[in-house]
Amino acid sequence: MVYSSRVLALLLALCIALITSLFLSLFQSVGPTALLVAFLIGFSVSYLLIFIVLEFLIFREINKIYKLIGKLKKKELSSIDKQKSGVLNPLKTINEEIYSFADLKQKEIDELKKLEAFRKEFIADVSHELKTPIFAAQGFVHTLLDGAVNDKTVRTKFLKKAAKSLDGLDVLVQDLLTLSHIETGQIKMHFETIDLYKLTEEVFEQFEEEAEKKDVKLRIDGPPHKVLVYADWQRISQVMTNLISNAIKHSYEDSEVIVIFDIVKKNVITSVKDFGEGIPSEHITRIFERFYRVDKSRSREKGGTGLGLAIVKHILEGHGTKAEVESTPGKGSVFSFKLPRVKPEKTDHPDSFESIKH
Ligand code: ADP
């Protein structure tokens, strides 16, 4: 850098000395010796001045770089002024390069810190969730071993309770695996034309018994017809299973769970509507978080893992869409999501149900 400033000063000083000598040569009274002296003085003075000014500028820029490095060391990245690169000043460019690099690294560090915090929180949540059914089952088994096993009624009751806790544990592990597979991208979406009407009927079949116990009627709004969308059958089936299961769980007795299909432009909006306890507005934004429950103990009692809606959210994200919720406490909730509609003529064999995956 010092070398290039010397060359630059030399060149500029030469130019200035030459111009001065040329100018003086216009006067007849100035002889060749005086011209040579003027050239030498002009060259020396300008060289010195230009060199000092350049060195000063370089010194100033280097100082700035030192300050920048000092701030980086102290991690005061936010207080650093971002400078515009000067084409003529390579030091400013270096300065800016250092800033961008440090900025990038800081962002990476922040992201890693966030992931680490998230990982810790997740492990704490999972441990807590696993602990609950394990402790419950453990308690029942130990009570039986401590003598309760001799009483037939107590024995059956406790064994049933232990089995229920272990079943809950199984569902929780399954949900955790599903969530982890979706998040790590191990599950690839398999998009094709599917019939939502048929899919909903199949999901309803799974819940017939549970709905009957609460006197909840399961129905699809409107006459039977194909509702064709472009989606992954298995994953959307999981979404509908979770939404319908929640709707039944939170419905009031002797009510209905209705699935509604609305065709809006190029999409089908599927809504799952229940007439139940509803969700207070302050919880709505959080119910899609892992393990978030409005009423923790009641959710567990009803066999909830707290992961159902997190799975729904991830699957719908994989379809480029999201779930919307409308709920009125004491009246009920509607969970809906949009999927791209497929017109019947776009399927290979429009009139044949076989052409549709089910
Ligand atoms: P859970 O396994 O506890 O049902 P979810 O992730 O499926 O977990 O739901 C999170 C919480 O959202 C539930 O604990 C419940 O409080 C609330 N919730 C979900 N669906 C409904 C619904 N249809 N009506 C009322 N509350 C609901």
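Before I start: what we have is a predicted model, where local features need pLDDT of at least 70, side-chain atom pairs count only at pLDDT 80 or more, and totals for chains, interfaces and linings use all residues. Residues are numbered from 1 along each chain as its sequence is written, and side-chain values use heavy atoms, with hydrogens and water left out.

Okay, so how many salt bridges does the structure hold? Eight, counting a side-chain nitrogen of Lys or Arg within 4 Å of a carboxyl oxygen of Asp or Glu.

Let's begin with Glu256 and Arg219, whose side chains meet in a salt bridge at 2.7 Å, N to O. Glu256 sits in strand β4 (residues 256-264) and Arg219 in strand β2 (residues 217-220), so this pair ties together parts that are 37 residues apart in sequence. Strands here are DSSP runs of E, at least two residues, and helices are runs of H or I, at least four, numbered from the N terminus. Glu256 is partly exposed at 21% relative accessibility, and Arg219 is too, at 27%. For the cut-offs, buried is under 20% relative accessible area, exposed is over 50%, and partly exposed is in between, with a 1.4 Å probe and protein chains only. Asp221 joins in as well: a network of salt bridges links Arg219, Asp221 and Glu256.

Next, Asp103 and Lys107, with a salt bridge of 3.5 Å, N to O. They are four residues apart in helix α3 (residues 90-145), which means about one helical turn separates them. Lys107 is exposed, at 54%.

Last one: Glu289 pairs with Arg286 at 2.8 Å, N to O.
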